[in-house]
Amino acid sequence: MGTIWPVLLFGLLLGMKHATEPDHVIAVSTIVSRTKKLSLSSLAGMFWGIGHTLTLLIVGMAMIAFERQIPEQVASYLEMVVGVMIVILGIASFRSPMSMDHHRRGDIHHFHIKSTLIGIVHGLAGSAGMVLLTMTTVKGTWMAFSFILLFGLGTVIGMMLFTTLLGVPFVWMKVKRQAISQWMVKTVSLISIAYGVYYIYHITTEL
């Protein structure tokens, strides 16, 4: 029993680190850059983490239960979907100058759903690696479930911390300098588009 907690703690810390991978950060940044409230920035990270965790738990546990692994080529195509998503998010953010505070309450819910969906897509793409990591780290269904759950909790915490920190300059600039704020949003959008194209190219060369 004493050896379980270090493994689960490892999963939690690994999840926190995993949350800050470039493709995750850039995709969520397109949402955070448009918020005017720090609480909304934090929630964007939380909902992303929830979506990411749900996918890992459902797909990961199904693969582990049936002792299967996601084929490498399928995993590559799922990664390509992430690249396409990042490009689309960048284009959508670039074309929309409005910040979240200008929207109605229903639109804020839409942003939360959007954050969750981004997390789901990222979780789907990362399922192959998660299954492999879990199967080589722990034994037994309940241990696998606990490991993935703690890993997911780590991604929620890690992304919430990141989006909160990332939201600070955007919130501050929106209050002080609207023009600079818009410039920052456009810059984040262009970075997202460029990174998404690079991501797709990188995956394509490996197929």
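Guide: Let's begin with a term: a pocket is an open set of points on a 1 Å grid over the protein atoms alone, with protein on both sides within 12 Å along at least five of seven lines, and lining residues have an atom within 4 Å of a point. By that rule the largest pocket is lined by 24 residues, with Ala125, Gly126, Ala128, Gly129 and Met130 nearest its centre. This is a predicted model, where local features need pLDDT of at least 70 and side-chain atom pairs count only at pLDDT 80 or more, while totals for chains, interfaces and linings use all residues. Residues are numbered from 1 along each chain as its sequence is written, and side-chain values use heavy atoms, with hydrogens and water left out.

Visitor: Which element gives the most to the lining of the largest pocket?

Guide: That's α5, with nine residues. Helices here are DSSP runs (H or I, at least four residues), numbered from the N terminus.

Visitor: What is the volume of the largest pocket?

Guide: About 440 Å³, where a volume is the space filled by probe spheres set on the points, and grid points are joined across faces, edges and corners. The second largest pocket comes to about 150 Å³.

Visitor: And how many cavities of 30 Å³ or more does a search of the whole structure find?

Guide: One. A cavity is a set of points where a 1.4 Å probe fits but cannot get out. The largest cavity has a volume of about 30 Å³, and its lining is Thr30, Ile31, Arg34, Leu89, Ala92, Ser93, Phe111 and Lys114. Helix α4 gives the most to that lining, with three residues.

Visitor: Why is leucine 54 called partly exposed?

Guide: Partly exposed is the range between buried (under 20% relative accessible area) and exposed (over 50%), with a 1.4 Å probe and protein chains only. Leucine 54 has 44% relative accessibility, so it counts as partly exposed. You'll find leucine 54 in helix α3 (residues 38–65), and together with Ile50 and Ile58 it makes a nonpolar surface patch of about 270 Å².

Visitor: What makes tryptophan 142 exposed?

Guide: Its relative accessibility is 69%, so tryptophan 142 counts as exposed. Tryptophan 142 sits in helix α6 (residues 141–176).

Visitor: How many Å separate the C-alpha atoms of tryptophan 142 and valine 82?

Guide: The separation is 30 Å, and the two residues are 60 residues apart along the chain.

Technical notes
Helix = DSSP H or I, 4+ residues; strand = E, 2+ residues; numbered from the N terminus. Patch = residues over 30% accessible without salt bridge, like charges linked within 9 Å, V, L, I, M, F, W, Y side chains within 5 Å. Areas by Shrake-Rupley, 256 points an atom, 1.4 Å probe, with all protein chains shown as cover. Salt bridge = Lys/Arg side-chain N within 4 Å of Asp/Glu carboxyl O.
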